[in-house]
Amino acid sequence: MFLSSESLLIILLVGLVAGWLAGQIVQGTGFGLIGDLLIGVIGAFIGGWLLPQLGIHLGSGTISAIVDATVGALIFLLIARLVRGGNGWRARLGRSWNKRW
């Protein structure tokens with residue numbers, strides 16, 4: 001398989017934007033340049049596979065690829081947060097509950 005430099009640049013740009021958007025939505029901050037890129041590229045794979053399986057087709061083009069990758073990145077981050085646990089609302093609730101008693 002041959003990837004032109006333009007195709008690789010588009011893939012990296014879509015991954016970076018999607019990772020940044022997912023970081024803003026889920027956590028409120030980004031994950032840094034490399035973290036956003038990795039999350040976006042993983043999200044692109046998840047979104048590119050899952051959305052057509054569910055019968056959701058958003059069209060073609062760069063904006064559609066960014067939306068697909070962002071949805072996939074959000075799913076990835078939410079699953080990672082569920083698996084990792086601890087840093088969510090339960091940990092904050094536990095600390096505030098313990099301070100009262």
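The model is a predicted one, and its chain contains four helices and zero strands. Read from the N terminus, the elements follow one another as α-α-α-α. Of the 101 residues of the chain, 24% count as buried, and among the contacts with a separation of 6 or more, 64% are accounted for by residues 24 or more positions apart.

**Helix α2**

- Helix α2 is built from 22 residues and reaches 31 Å from its first C-alpha to its last, which is close to the 32 Å expected at 1.5 Å a residue.
- The buried residues of α2 are Asp36, Ile39, Gly40, Gly43, Gly47 and Leu51, and these buried residues pack against α1 and α3.
- Just after α2, Gly55 adopts a positive phi of about 80 degrees.

**Helix α3**

- Helix α3 covers residues 62–84, a run of 23 residues that reaches 32 Å from the first C-alpha to the last, close to the 33 Å expected at 1.5 Å a residue.
- The buried residues of α3 are Ser64, Ile66, Asp68, Ala69, Thr70, Gly72, Ala73, Leu74 and Leu77, and what covers them includes α1 (5–26) and α2 (32–53).
- Just after α3, Gly85 has a positive phi of about 60 degrees.

**How the helices pack**

As background, a pair of packed helices is described by the angle between their axes together with the distance between those axes.

- For α1 and α3, the axes come within 8 Å and cross at roughly 45 degrees, which means that α1 is oblique to α3.
- The crossing of α1 and α3 is right-handed; on the α1 side the contact is made by Val14, Val17, Ala18, Leu21, Ala22, Gly23, Ile25 and Val26, and on the α3 side by Thr62, Ala65, Ile66, Ala69, Thr70, Ala73, Leu74, Leu77, Leu78 and Arg81.
- Sorted by class, the residues in the contact of α1 with α3 are 14 nonpolar, three polar and one charged.
- For α1 and α2, the axes come within 6 Å and cross at roughly 100 degrees, so α1 is roughly perpendicular to α2.
- In the contact between these two helices, α1 supplies Leu12, Gly15, Leu16, Ala18, Gly19 and Trp20, while α2 supplies Leu33, Asp36, Leu37, Ile39, Gly40 and Val41.
- By class, the contact of α1 with α2 consists of eight nonpolar, three polar and one charged residues.
- For α2 and α3, the packing angle is about 105 degrees and the axes are 6 Å apart, and the two helices are therefore roughly perpendicular to each other.
- The contact of this pair is made by Ile39, Gly40, Ile42, Gly43, Ala44, Ile46, Gly47, Leu50 and Leu51 of α2, together with Asp68, Ala69, Val71, Gly72, Ala73, Ile75, Phe76 and Leu77 of α3.
- By class, the contact of α2 with α3 has twelve nonpolar, four polar and one charged residues.

**Gly15, in helix α1**

- Gly15 lies in helix α1 and is buried, with a relative accessible area of 1%.
- Once its neighbours within four places in sequence are left aside, Gly15 is in contact with Asp36, Leu37, Gly40 and Val41.
- Gly15 and Thr70 are separated by 55 residues in sequence, while their C-alpha atoms are 8.3 Å apart in space.

**Trp20, in helix α1**

- Trp20 is likewise found in helix α1, but it is partly exposed, with a relative accessible area of 43%.
- Trp20 and Leu33 lie 13 residues apart along the chain, and their C-alpha atoms are separated by 8.4 Å.

**Ser64, in helix α3**

- Ser64 belongs to helix α3 and counts as buried, because its relative accessible area of 9% falls under the 20% limit for that class.
- With its neighbours within four places in sequence left aside, Ser64 is in contact with Leu58 and Gly59.

Methods. Residues are numbered from 1 along each chain as its sequence is written. This is a predicted model: local features need pLDDT of at least 70, side-chain atom pairs count only at pLDDT 80 or more; totals for chains, interfaces and linings use all residues. Side-chain values use heavy atoms; hydrogens and water are left out. The expected span of a helix is 1.5 Å times one less than its number of residues. Buried means under 20% relative accessible area, exposed over 50%, partly exposed in between (1.4 Å probe, protein chains only). Contact means heavy atoms within 4.5 Å. Axes are lines fitted to C-alpha atoms, for helices over the stretch in contact, and angles run from 0 to 180 degrees between N-to-C directions. Angles under 35 degrees count as roughly parallel, over 145 as roughly antiparallel, 65 to 115 as roughly perpendicular and the rest as oblique. A crossing is left-handed if the near helix is turned anticlockwise from the far one by less than a right angle, and right-handed if clockwise. Ala, Val, Leu, Ile, Met, Phe, Trp, Tyr, Cys and Pro count as nonpolar, Asp, Glu, Lys and Arg as charged, and the others, Gly among them, as polar.
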